[in-house]
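Please look over the sequence and the model before reading on.

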Amino acid sequence: MAKKAGVSVATVSRVLNNLSVVKNTTRARVMKAATELKYHPNLHARSLARGSSRTLGIIVSNMDNPFFLDILRTLQSAAHARGYEVVVANTDYSPEQLLSSIRLIIDSHIPTVFYDVGSTAENITNVRVDYRKGMHRIVQYLHSIGHRRMAFVGHHSTLRPIDDRRQSFLESVREFGCEAVRTVAAEDGLDGGRHAAHELLNSPERPTAIVCVNDFMAAGVLRYLRERSIRVPQEISVTGFDNIRLAEFCSPSLTTVHIPRDRIGHIAFERLIPAETKSKANARELLIDPELVVRESTGPASN
């Protein structure tokens with residue numbers, strides 16, 4: 001490639017490593033040569049040569065859920081801007097797959113960022129969302145517009161972030177003197193939302209509002225209600241959690257709680273790749289306060 005571009009091997013290396021000491025015209029010649037030769041960098045060899053890795057690993061519970069894709073997209077964008085690559089492992093909520101992925105990509109001496117799991121320690125940052133506050137705001141809002149019978153749709157109740165939402169729902173319902181008609185759990189996804197809604201709508205007492213653990217399942221609930229010709233929100237109100245883009249484009253658009261995925265992605269990158277002058281990232285816990293977003297899927301309770 002150096003010969004084709006008419007530069008030294010050292011110059012090619014500087015260009016491929018995004019160093020700013022190379023002139024733009026020279027950089028353009030090297031990149032043109034790389035394209036013509038269909039060059040792809042060997043990240044493993046590059047890491048060995050530098051004595052350090054330029055690859056970040058991210059372990060995700062469910063790649064079907066756009067929530068995790070949004071965090072990945074932000075992390076990947078920040079990583080590419082600094083010359084890093086990102087590899088992804090999807091566990092599908094399998095404890096065995098999670099353990100395997102951890103063993104594969106995590107070393108105890110490298111910076112690590114948890115999202116709502118584990119606890120802080122040396123080189124470990126934990127980003128937490130105040131799910132309880134977010135769920136309390138949903139129930140408080142529904143109560144304010146007349147809802148007294150509410151149901152909860154969740155998944156994987158053994159996971160702390162999911163159980164926090166369910167427990168906060170039950171506590172908030174009691175606080176406002178409402179009735180928790182039922183809590184049901186299904187697989188995390190659109191089909192899971194449909195199955196949960198089917199179970200709820202075939203129970204003896206119908207809720208006036210269905211509170212979902214996330215927007216992804218709420219979209220499935222909306223689909224089932226539409227299939228049954230049940231009007232939302234005139235007959236039943238529906239809420240989600242996360243505020244993924246899909247929530248805005250559902251029909252009707254979804255009342256939800258906003259979690260800033262871009263901020264989480266940036267926090268993760270900044271903690272994984274600290275400033276060059278720092279040798280270690282200090283342990284830290286960051287708490288994110290979610291905000292209620294009211295849209296068309298909620299309205300006054302029907303009689």
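The basis of the values comes before the local descriptions.

## Basis

This is a predicted model, in which local features need pLDDT of at least 70 and side-chain atom pairs count only at pLDDT 80 or more, while totals for chains, interfaces and linings use all residues. Residues are numbered from 1 along each chain as its sequence is written, and side-chain values use heavy atoms, with hydrogens and water left out.

Helices (H or I, at least four residues) and strands (E, at least two) are DSSP runs, numbered from the N terminus.

## Helices α9 and α10

The axes of α9 (residues 190-201) and α10 (residues 215-227) come within 6 Å and cross at roughly 55 degrees.

Residues of α9 including L190, R194 and L201 meet residues of α10 including F216, Y224 and E227 (contact: heavy atoms within 4.5 Å).

## Aromatic pair Y131 and F241

The structure holds five aromatic pairs (ring centres within 6.5 Å; planes under 30 degrees apart are stacked, over 60 edge-to-face, the rest tilted). Y131 and F241 form a tilted pair, 5.9 Å centre to centre with 55 degrees between the planes. Y131 lies in helix α7 and F241 in the loop between β8 and α11, 110 residues apart.

Y131 is buried at 3% relative accessible area (buried: under 20%, 1.4 Å probe, protein chains only). F241 is buried too, at 0%.

## R261

R261 is in helix α12 (residues 261-272) and counts as buried at 8% relative accessibility. Leaving aside neighbours within four places in sequence, its contacts include F67, D70, D242 and R245.

Technical notes: Buried < 20%, exposed > 50% of the residue type's maximum accessible area, 1.4 Å probe, protein only. Axes fitted to C-alpha atoms, helices over the stretch in contact; angles between N-to-C directions. Phe/Tyr/Trp six-rings, centres within 6.5 Å; stacked < 30°, edge-to-face > 60°.
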